Amino acid sequence: MNHKISRSGALVAAALAAGLGGAASAQSLTVTGFGGAMQDALRGAYFTPYAEQSGVTLTEDSYLGGISKIKAMVDTNSVVWDVVQMDEDEMLLACEQGLLDSVDVGTLEIKGELMGQATRHGDCGVGFFVWSLLLGYDADKLEKAPTSWADMWDLETWPGDRGLRKRARTTLEIALMADGVAPDEVYDVLGTDEGVDRAFAKLDEIKDHIIWWESGAQAPEWLASGDLVMAAAYNGRLDSANQSGRNFGMVWTNQIYAMDFWTVVRGGDLEEGMKFINFTLDPQNQKNFTDEIPYGVVNTGANELIAPERASQLPTGEANLKSGLPIDVEFWVDNEAELQTRFTQWLAN
């Protein structure tokens, strides 16, 4: 997901606990996120409040994903990151390579209940928010609003170019759902040769009308310019554009969603890291995060704290989640190399 916007390397200037009379805490923690708007949201909802409440000197860093830096730290016994935000697939890879400490969710004192996906990878890490890829369009430019992925293939009703991510992952799922495959059957179908052929055959139908984006910022930019009639886009990007005056519609039916996870680097401060993770999973703090950025909560106890109008614009809103497709990361870990190769070849033909 493209919330990895920039590397800030910023420091949270929240080294004092409220009510400590100015005495600095000897305890410190370094938390690393993906930078940009996401980092701003993490700071507002988690970093600064945690530092103020706990008295911990919280230092923040940012990176663009990947496990190479984490591996270098662990291999050279020079770990400077404690808690790290990771995409699910990269977390699994780092976990397999022994680069992460055990995050025992059972030891956390969490009010409410976590979504199953947040803890399904055992002690590799724990999910803390949900992001979504959905169908977006400019409501000021369309007389009739699309309502499903199938509408992206309706060139008669909505003539013009469409935007899809230039990657097999998520694009093949969209094609199958547009062809009538139910979300809970997508990966069963995509796991067969016939299913893969079906997805590419569906893409063939509109291939000449697809503009492929690679950066998450491109889809809303091209919708705004009129280069695209509709596009698969990240909900956070569309919401941010709307906050700046755009009128982008979002079709939540069959959204594709995934989680980002907190992990603790092997050799980092596991004890303090777990306290921080526990703080971020508190229902009220999860709700505060949605005030900062329109991503979904993993603690279902936070839902009752979120205003209905806000919940309707989150991936974890009840109606939005009901018809959604969670990305099957294990499927892509096993099949991405082969399917991406075919996708690249298909693009070139």
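Author: Two residues are in contact when heavy atoms of theirs lie within 4.5 Å. In the protein chain, take the contacts between residues at least 6 apart in sequence: 75% of these join residues at least 24 apart. This is a predicted model, where local features need pLDDT of at least 70, side-chain atom pairs count only at pLDDT 80 or more, and totals for chains, interfaces and linings use all residues. Residues are numbered from 1 along each chain as its sequence is written, and side-chain values use heavy atoms, with hydrogens and water left out.

Reader: Why is Val 229 called buried?

Author: Buried means under 20% relative accessible area (exposed is over 50%, partly exposed in between; 1.4 Å probe, protein chains only). Val 229 has 16%, so it is buried. The residue sits in the loop between H7 and S7. Helices (H or I, at least four residues) and strands (E, at least two) are DSSP runs, numbered from the N terminus.

Reader: Which residues does Val 229 touch, not counting those up to four places away in sequence?

Author: Tyr 137, Asp 138, Leu 142, Trp 158, Pro 159, Gly 160, Asp 161, Arg 162 and Leu 223.

Reader: What makes a set of residues a nonpolar core?

Author: Its members are buried Ala, Val, Leu, Ile, Met, Phe, Trp, Tyr and Cys residues, joined through side-chain atoms within 4.5 Å. The largest core here has 108 residues. Tyr 46, Trp 262, Phe 276, Ile 277 and Phe 289 touch the most other members. Strand S8 (residues 248-264) gives the most to this core: eleven residues. Another core, of five residues, lies apart; Val 297, Ala 302, Ile 306 and Ala 311 are among them. In soluble globular proteins, nonpolar side chains tend to be buried together.

Reader: Which residues of helix H8 are buried, and what covers them?

Author: In H8 (residues 235-243), Asn 235, Gly 236, Leu 238, Asp 239 and Ala 241 are buried. Their cover includes strand S4 (126-138), helix H7 (218-225), strand S7 (230-234), S8 and helix H11 (308-311). Gly 245 follows H8, with a positive phi near 110°.
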